Amino acid sequence: AIPSWKFFVFGGSVGQFAEGENRTLSRLSDEIFYLDVPNIKEMKWNNIPIKGNFPKGRENGTLFWDGNDSRLILFGGWANTWLSDSWSLKVNLITGPPYAIYDV
């Protein structure tokens, strides 16, 4: 397998607003995207379609990488109140299996 460097983002506030101003016209996103870093020339964000139960939209959540199971773990965030939930998403079809060869 070939090493794969991906940059993942989940959620955030979507809309038109100036920094520091009221964001009443915005909405919280529940989408997840990744950027293929070695392929930086294209600079294309790829949407990951989610099937099944997944967290509601939020901002300021924290994503952790679990390399043993090739999954992302999302913790907390803000959705009109501070959240303390956690979610897991397997992304092995995007990143490769946990037993991938990274160095020879």
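Is tryptophan 87 buried, partly exposed or exposed? Tryptophan 87 is partly exposed, at a relative accessible area of 23%. Buried means under 20%, exposed over 50%, and partly exposed in between (1.4 Å probe, protein chains only).

## Basis

This is a predicted model: local features need pLDDT of at least 70, side-chain atom pairs count only at pLDDT 80 or more, and totals for chains, interfaces and linings use all residues. Residues are numbered from 1 along each chain as its sequence is written, and side-chain values use heavy atoms, without hydrogens and water.

## Aromatic pairs

The whole structure holds five aromatic pairs. Rings of Phe, Tyr and Trp (its six-membered ring) pair if their centres lie within 6.5 Å; planes under 30 degrees apart are stacked, over 60 edge-to-face, the rest tilted. Phenylalanine 54 and tryptophan 87 have ring centres 6.4 Å apart and planes at 55°, so this pair is tilted.

Phenylalanine 54 lies in the loop between strand 5 and strand 6, and tryptophan 87 in strand 8, so the pair ties together parts 33 residues apart in sequence. Strands are DSSP runs (E, at least two residues), numbered from the N terminus. Phenylalanine 54 is buried, at 18% relative accessible area. Ring pairs link Phe10, Phe54 and Trp87 into a cluster.

Three strands form an open sheet in the order 6-7-8, paired antiparallel. Strand 6 (62-66) and strand 8 (82-90) are the edges; each has a single partner strand, so one side of each lacks a neighbour in the sheet. Two strands pair if DSSP finds at least two bridges between them. Five bridges join strand 6 to strand 7 (residues 71-78). Threonine 62 stands opposite phenylalanine 75 in strand 7.

Conventions: Helix = DSSP H or I, 4+ residues; strand = E, 2+ residues; numbered from the N terminus.
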